[in-house]
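Thanks for coming. Please look at the display first.

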Amino acid sequence: MTLQLSPIKITLVDRHVPLASMPVPAGFPSPAADDLEDTIDPIKWVVRHEHATFWWRVSGDSLEAEGILDGDLIAVDRAGKRRHGRIVVAVVDGAITVKKLAKRDVKTETCIPTCVGIAPTKTLAKLANYAAKKNPIFSGVCNLMNEDVRDYVMRRIPVGEIWGVGSATEAKLKAQGIKSAADLRDLPLALGRKIGTVVLERLVAELRGLSCIDFEDVPPQRKGMAVTRSAGTPMTSFDTLAQAITAHATRAAEKLRQHGLVAGTMTVFYHTNPHKPDRPRHSFSRSIRLRPMSNHTFDLVDAAVAAARRGWKGDPSGNGYGYTKAGIILDDLLSEADRPAMLFPPDRPRDARLTDALDAINDRFGKKTMVLAREGVSRTWATKADHRSPRYTTRISELPTLKV
């Protein structure tokens, strides 16, 4: 249950109580008046900044582990510092609630250092995260909701570190004397549009605290997809090229199914090495329509190999060219539910069952456990990775072993 807060008004009358002067190792002091030294204010033991403290009534039980129960009265100190592990009052989805800052918990549980940036816009939040990472005074959490802190940080961040400012735009801004994030914030909007189109104008507004980049609760649907690879050795025969095209089309079909999409257009390409002018050059690219729109491995492989064959020159066993790169590009993507219906759709239930079986086997036993025969076995065209760094986080077989 989420904790909710209700502000209350408290009037404290005669809150001073007697203080005994005799130290007590155990038990209670004598109630005699001679042992009384002075009076104390118990509220001062709870409230450090009286004029910045508000009292709230708690409703909910999500922080029972922290000792905050339903119906408890809590003191909220606005002058207190926000630190990792502290209980804070926060606004979540427009509602005031009580939460625990968990940055330290993330590092404890995952051993991954984290930095948190808080700001009214996406661009400022990126700057806050940068400041939290680079400046130790923030201890990993930078809050730019305060304008004074925001100005302090922005004057110390180079303009090239701003999210969305590339090297070309950075050079243009420095030519105008704009060297820091604060300088860019103070740039007139019209001049920002002139230097970097409406994109830079929007960025300047974001630095001023005006939100111009909407938050996306749901990631937008992909509009395109590509699977391309450079060959480990030049592909000199059509059979070798077809194996590479088959592997790329198979992977593209898997990605489509993972995202619940179907493709309407496929582009197949392959070319020789453009950086070696002393060798014969040839490149080919062709786009074809997929009817019906599909994500089945067999549909994509058949269409891709057929398109590649139309671009092959000469003898299939070798035409004098060594192709060094090939790939598949998919466009006109739609969700499977939105796929246009055909008047006479093909009835191929066997293809769907084979595709599901292929995915299930490769998901359980690892990629490329089962492949189409057309993809080949030797895979001489596969990209070389002789100097690849160990993949400790994704391959258990590559974890270092310690012999004792």
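**Helix H7 and its surroundings**

Helix H7 is followed by Gly260, whose phi is positive, near 65°. Helices here are DSSP runs of H or I with at least four residues, strands are runs of E with at least two, and both are numbered from the N terminus.

Before I go on, the ground rules. This is a predicted model, in which local features need pLDDT of at least 70, side-chain atom pairs count only at pLDDT 80 or more, and totals for chains, interfaces and linings use all residues. Residues are numbered from 1 along each chain as its sequence is written, and side-chain values use heavy atoms, with hydrogens and water left out.

Back to H7. Its 21 residues reach 30 Å from the first C-alpha to the last, close to the 30 Å expected at 1.5 Å a residue; the expected span is 1.5 Å times one less than the number of residues. Of those 21 residues, 18 are buried. Buried means under 20% relative accessible area, exposed means over 50%, and partly exposed is in between, with a 1.4 Å probe and protein chains only.

Which helix does H7 pass in a right-handed crossing? The partner is H8. A crossing is right-handed if the near helix is turned clockwise from the far one by less than a right angle, and left-handed if anticlockwise. The axes of H7 (residues 238–258) and H8 (residues 297–311) come within 8 Å and cross at roughly 145°. Axes are lines fitted to C-alpha atoms, for helices over the stretch in contact, and angles run from 0 to 180 degrees between N-to-C directions.

The residues in this contact include Phe238, Ile245 and Leu256 of H7, and Leu300, Ala304 and Ala308 of H8. Contact means heavy atoms within 4.5 Å. By class, the contact has 12 nonpolar, 3 polar and 2 charged residues. Nonpolar covers Ala, Val, Leu, Ile, Met, Phe, Trp, Tyr, Cys and Pro; charged covers Asp, Glu, Lys and Arg; the others, Gly among them, are polar.

In H8, the buried residues include Leu300, Ala304 and Ala308. The end C-alpha atoms of H8 are 22 Å apart, which agrees with the 21 Å that its 15 residues should span.

Next, Val268, which lies in strand S11 (residues 261–272). Is Val268 buried or exposed? Val268 counts as buried because its relative accessibility is 0%. Among the residues that Val268 touches are Ile245, Phe284, Ala304 and Ala308, not counting residues up to four places away in sequence.

**Backbone points**

Most residues other than glycine have a negative phi, and most peptide bonds are trans. Thr197, in helix H6 (residues 189–207), has a positive phi of about 60° although it is not a glycine. Lys368 is found in the segment after helix H9 (349–365), and its phi is also positive, near 65°. A cis peptide bond joins Arg291 and Pro292, with omega about 0°; Pro292 lies in strand S12 (residues 283–294).

**Cysteines and totals**

How many disulfides does a search of the whole structure find? It finds 0, a disulfide being a pair of cysteine sulfur atoms within 2.5 Å. For Cys115, the nearest cysteine sulfur, that of Cys142, is 10.0 Å away.

Finally, the protein chain has 9 helices and 14 strands, and buried residues make up 33% of its 404 residues.
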